Amino acid sequence: MDKKKLFRMLPKVDEMLMLPKVESLIESNSRKMVLESIRLVIDQLRNEIIDLEEGSSIEISSDIVLERLETQINKNREGKFKRVINATGTVLHTNLGRAPLSEKVFDAIRDKVVRYSNLEYDIDKGSRGHRYDHLKEIVMKLTGAEDVLVVNNNASAVLLVLNTLAKEKEAVISRGELVEIGGSFRIPEVMGMSNSILKEVGTTNKTHLIDYENAIGEETALLMKVHTSNYRIVGFSESVALEDLVSLGNKQDIAVYEDIGSGNFIDFPKYGISEEPTIIDSIKKGVDVLSFSGDKLLGGVQAGIIVGKKKYIEKMKHNQLLRALRPDKLTLSILKELFKIYYYGEAEKEIPSIAMMIEDKESLKLKAERLYDCLSDIDGLTMKIDGDYSEVGGGSLPMERLETYVVRIDHEKYSASKLEELLRKNNNVPIISRVKDNSVILDVRTLFDEEFEIIRNVVERL
Ligand SMILES: *Cc1c(COP(=O)(O)O)cnc(C)c1O
């Protein structure tokens, strides 16, 4: 068929708008969305006609145009920010949104956020309440801390704590703990922004209690300890234990603040993973103020959680800076449910990132076998189950190599890097994998069972 004839068959926008089917699409989407999609679909068809090779043809009918229109509308709705399948094995993959949220948490907060809530309303008194009070009881029960405050992320927590407790005063910190996290967060720079004066003590590898003692003077307002979450100094190194800093602080009447980085409540050695300090332990040791992230080991959402003694937290609640750092009701309701899960001992079962980190080798092997079986009858595919290592990610437990199982896949039509690209560019749900030794590998640690079927459908259509 000649191209001119095909061009003439292309529907006009106005004609499309008259179709009953399109009218109903406008009702359930919006006129603007449908109009934009109609124009795109017609443009695409026009381009396809232009690119058509001699002797070949395409079918243009109202059914086909409508079908494409629906697909296009769905695509528009979804946009480019979408769900992906994480087959990399890195549990807290910063590029992939760190921790997947617990479904139990998500279900539990729904009514509170799609309707009104008593976020800042005291129901008993019928007057204004405080948004942070909702977390108080559960945090007290879980951590033993007297009070709690939440800000946008742990970087803001550090800023708020220093600006409240050590503004224009000295905060003493070890040279071994002046870390950079995630490329943009540097302890010394945040200290500068908080208007507190950095008083470095000790050396990169060794700091002793006497170094802190000698540094304390008239201007000292805070002793600060930072957990070097994303790196370790090994060998000839020494840092001062939290309990020793606490007794020094008590003796001299100076507050002790620990930036512990990850919010950990799990006894990792029980699962063969190296120890990571826990919130409960630091509170037990008597630290005055403690801050941690909501989206690292805690497995929640981006937030900075500050817990500790009431007199210090109260001061922070009155800092004007808090207004700029305060979290939304979504964050607060998620954290409340998350803390409940930890308190009732359900974290290993209900928080996906925790379950993924501690999943044992045997169970991962079975999972790899299930994925293998699911893909086994696809033409052109060669597969093998292999042992490998996955990472925790998110700047947590940097030395940890978690033993895992992967399914190696090779496709007769594609090179490994091409196959990786095709999986990644899959339209509905991109599949993010790794290439190793010239094969694509799918690490089953970070896969959800229901994703096997999606992977199967994608690979089958290649
Ligand atoms: C990750 C980290 C931060 C920054 O936390 P965000 O929640 O990512 O802002 C600060 N301090 C330490 C020790 C960390 O590990």
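How many bridges join β11 to β12, and in which sense do the two strands run? The tour below reaches the answer by way of the sheet that holds them.

The model is predicted, so local features need pLDDT of at least 70 and side-chain atom pairs count only at pLDDT 80 or more, while totals for chains, interfaces and linings use all residues. Residues are numbered from 1 along each chain as its sequence is written, and side-chain values use heavy atoms, with hydrogens and water left out.

**First stop: the sheet of 7 strands**

Select the open sheet with the order β4-β12-β11-β10-β9-β5-β8, whose pairing is mixed. Two strands pair if DSSP finds at least two bridges between them; strands (E, at least two residues) and helices (H or I, at least four) are DSSP runs numbered from the N terminus. At the edges are β4 (147–151) and β8 (197–201), each pairing on one side only. From one strand to the next, the twist averages 25°; angles run from 0 to 180 degrees between N-to-C directions, with axes fitted to C-alpha atoms, for helices over the stretch in contact.

**Second stop: strand β11**

Now select β11, where 5 of 5 residues are buried, that is, under 20% relative accessible area with a 1.4 Å probe and protein chains only. V289, S291 and S293 lie on one side, and L290 and F292 on the other. In a regular strand, side chains alternate between the two faces of the sheet.

To return to the opening question, β11 and β12 run antiparallel and are joined by 5 bridges. Here V289 stands opposite G308 in β12. Towards β10, the strands run parallel, with 4 bridges, and Y257 stands opposite V289 in β11. The chain passes from β10 through helix α12 (residues 279–284) to β11 in a right-handed β-α-β crossover: with the strands pointing away from the viewer, the path from the first strand over the helix to the second runs clockwise.

The bridge partner of R408 is I441 in β17.

Definitions and conventions: Buried < 20%, exposed > 50% of the residue type's maximum accessible area, 1.4 Å probe, protein only.
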